[in-house]
Amino acid sequence: MLDTDNSLRNAFFKNLKASKDHCWAPGGNCNSVPIRAHSIQDKRVLDVLCLNDHVIMPQLRFDGKDGAPIVEFKKVGRKDATIFKGLCATHDNEIFSPIEDFEVELDNPQQLFLFGYRATVKRFHEMVSEATRLQKMYESLVEFGRASHQPGDSAMDLVMQSLMRTWILHQYKAVYDEAYLAKRYDILSHEKFSFRHHKPTVAVSSLYWLEILIPERNQIPWIALNVIPSKNETHVVFSYLTEDAKFLSPETQAILNSSLKRRLWLLSEKIVGFTDNFVLSPAFWNSLSHKRRDTFFEYYRATLTNKKSFEGDLRDICLFEPLNEI
Ligand SMILES: [Zn+2]
């Protein structure tokens, strides 16, 4: 199913720089300009999380002194939250209208497929942007004699790793593209649950991977996580290729087979530690104690650098407020 032809891979690398602002619709031949589109449903999901048209999102900045990342959970205007520029207006609307304009139905295979697809397209777009940014930085370093084209150069290694990850995801996205065009929504397996809450607290649309190589396909197991709150309940959906089930089912079952209380702790840990696209409701964030907020900062930062350095209590990062006492 996946392409292993090196000439295609080389052409992809060569064209990457030119394709940063590109519509990534299936088929690969759309030349329209990509728009700023929400990756989390605006009309209903952001709507229930917003306070005065703002949500809370993690933001990173790098401290000038030692380069250590500083994490802040900051207010973001609704129109800027979860935005990405990976599709033109026509394709964004045509592809994602079933999950943007309609109520969520957890037994609707097309909707579940599209939640996973949108997380994949967004992640791919971000990896292309990151790879082109690193390439540009590397070229500047070479120009100033701070890096070289010699094998073993650490800046070059970083660029090559980034390009390779982007290529691997490009191949994975091609599987989604093909399935979308053929309406083969059944290529995915989903693990899901819902619970009623006191108030909506968090929404997620993200694609992450497990550090396992699938040698026969030169792939890694990717998993999409969507957390979709409505006014009274929260839906949680993990989605992955059915052919990857043997790698990913243990990952999701470890969470789903726990009590609701433990399940929501584990899920929160996964969201803060592994995903890159989540928004919090200001009403929830503002209600947290300083100690709990500090734990969020510390855990988020530890997952970016050295997870083992985290010494806080993971129960403090629970992102949910279920209705029933658990
Ligand atoms: Zn397009």
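This is a predicted model: local features need pLDDT of at least 70, side-chain atom pairs count only at pLDDT 80 or more; totals for chains, interfaces and linings use all residues.
**Close-up 1. Threonine 82, a buried loop residue with positive phi.** Although threonine 82 is not a glycine, its phi is positive, at about 60°. This threonine sits in the loop between strand E3 (69–77) and strand E4 (83–88), and threonine 82 counts as buried because its relative accessibility is 3%, under the 20% cut-off.

**Close-up 2. Helix H9 and its buried residues.** Helix H9, formed by residues 290–304, contains 15 residues and extends 21 Å from its first C-alpha to its last, close to the 21 Å expected at 1.5 Å a residue. The buried residues of H9 are Thr295, Phe296, Tyr299, Tyr300 and Ala302. Around the axis they cover an arc of only 160°, and they therefore lie on the same side of H9.

**Close-up 3. Cysteine 88 and cysteine 318, two buried cysteines.** Cysteine 88 has a relative accessibility of 2% and so counts as buried, while cysteine 318 is likewise buried, with a relative accessible area of 12%. A disulfide is a covalent bond that links the sulfur atoms of two cysteines. A search covering the whole structure finds 0 disulfides.

Definitions and conventions
Residues are numbered from 1 along each chain as its sequence is written. Side-chain values use heavy atoms; hydrogens and water are left out. A disulfide is a pair of cysteine sulfur atoms within 2.5 Å. Buried means under 20% relative accessible area, exposed over 50%, partly exposed in between (1.4 Å probe, protein chains only). Helices (H or I, at least four residues) and strands (E, at least two) are DSSP runs, numbered from the N terminus. The expected span of a helix is 1.5 Å times one less than its number of residues. The arc is that of the directions from the helix axis to the C-beta atoms.
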